[in-house]
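Here is a short report on helix packing and model confidence.

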Amino acid sequence: SALARTTTATAMAFRDQRRRPLVLILLVVVPAYVITKSIAQTQSTPRQIGLPGGGTVTTTMKDLHGAVMAGFAIAFVASLIGAFVMQSALAGDRRLVLAGFRPGETVIARLIVLITATMLVVAVSVGTTAVFFTPASWVPMSAALVLTGLIYAALGALAGAVLDKLAATYLMLFLVMTDIGIVQNPMFGNAVPGRWAPLLPGYAPVRMMIDGAFSPHFHAAVDLLLAIGWLAALALAVYLVLRRAVATHT
């Protein structure tokens, strides 16, 4: 049955990743180290930022790092995992299709692995952040981190499906650094993102992060819808691109 084949493909996909110990290091050690090091080394310099809904708040650079560094680490790791998982998946999944599996079943299995890996990165990042920083509201901030991870995991998967490993890695590093690290980061430039910032995938989840970090009330409903829209569009694109990549090489 389709369910049995999908379950089998998922189990094989997890076994494939367990043979790569560096993946676990990337998922656990890298986000914990990046978040800890960044927050610990940042000075408590005053900084005024804009909140979704038009309000402003005066905080410190150290707390700003506590608010946004988890998102940066998650986007960085999730995008690389997305690229690596899809790079390693294509050849094996094509063999499964030749053995009688449907392309969609193999793609769903890889997406389950990717979602699981992203949730692990989010859990590690949230736990590490909680040691140094307590947001005003954990729920919107945690939701923003999950959306950030899934959006960038999908972008990484797309890059891994159409580019070679090195090119996909450089592309995702550039996109994460530009989007999350600079354009959306209130530590640089203006108190709120610039006029072109909403065109980038990190805009909506970062605005949610800022709202959850510094406001006890939720003002980022529009950003939540925009982030969900990005995720839905990217998830569909990943499914279609990978399904075609697997099916057309059989």
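In this predicted model, helix 5 meets helix 7 through Pro 140, Met 141, Ala 143, Ala 144, Leu 145, Leu 147, Thr 148 and Ile 151. Their partners in helix 7 are Pro 205, Met 208, Met 209, Gly 212 and Ala 213. Contact means heavy atoms within 4.5 Å. Helices (H or I, at least four residues) are DSSP runs, numbered from the N terminus.

Helix 5 also meets helix 6. Tyr 152, Leu 155, Gly 156, Ala 159 and Gly 160 in helix 5 touch Ala 168, Leu 171, Met 172, Leu 175, Val 176, Asp 179 and Ile 180 in helix 6.

| Pair | Axis distance | Angle | Crossing |
|---|---|---|---|
| Helix 5 and helix 7 | within 7 Å | roughly 160° | left-handed |
| Helix 5 and helix 6 | 9 Å | about 150° | right-handed |

Axes are lines fitted to C-alpha atoms over the stretch in contact, and angles run from 0 to 180 degrees between N-to-C directions. A crossing is left-handed if the near helix is turned anticlockwise from the far one by less than a right angle, and right-handed if clockwise.

The axes of helix 5 and helix 7 cross at roughly 160°. Helix 5 is therefore roughly antiparallel to helix 7 (angles over 145 degrees). Helix 5 and helix 6 are likewise roughly antiparallel.

Elsewhere, Lys 165 lies over the face of Phe 84, 5.8 Å from the ring centre. The criterion is NZ of Lys within 6 Å of the ring centre and within 35 degrees of the ring normal.

Confidence is given as pLDDT, from 0 to 100 for each residue. The chain averages 85, and 84% of the residues score at least 70. Helix 7 (residues 203-214) has the highest mean, 94. Helix 1 (residues 2-18) has the lowest, 68. Where pLDDT is low, the predicted coordinates should not be read in detail.

Residues are numbered from 1 along each chain as its sequence is written, and side-chain values use heavy atoms, without hydrogens and water. Local features need pLDDT of at least 70 and side-chain atom pairs 80 or more, while totals for chains, interfaces and linings use all residues.

Methods:
pLDDT = per-residue confidence, 0-100. Helix = DSSP H or I, 4+ residues; strand = E, 2+ residues; numbered from the N terminus. Parallel < 35°, antiparallel > 145°, perpendicular 65-115°, else oblique.
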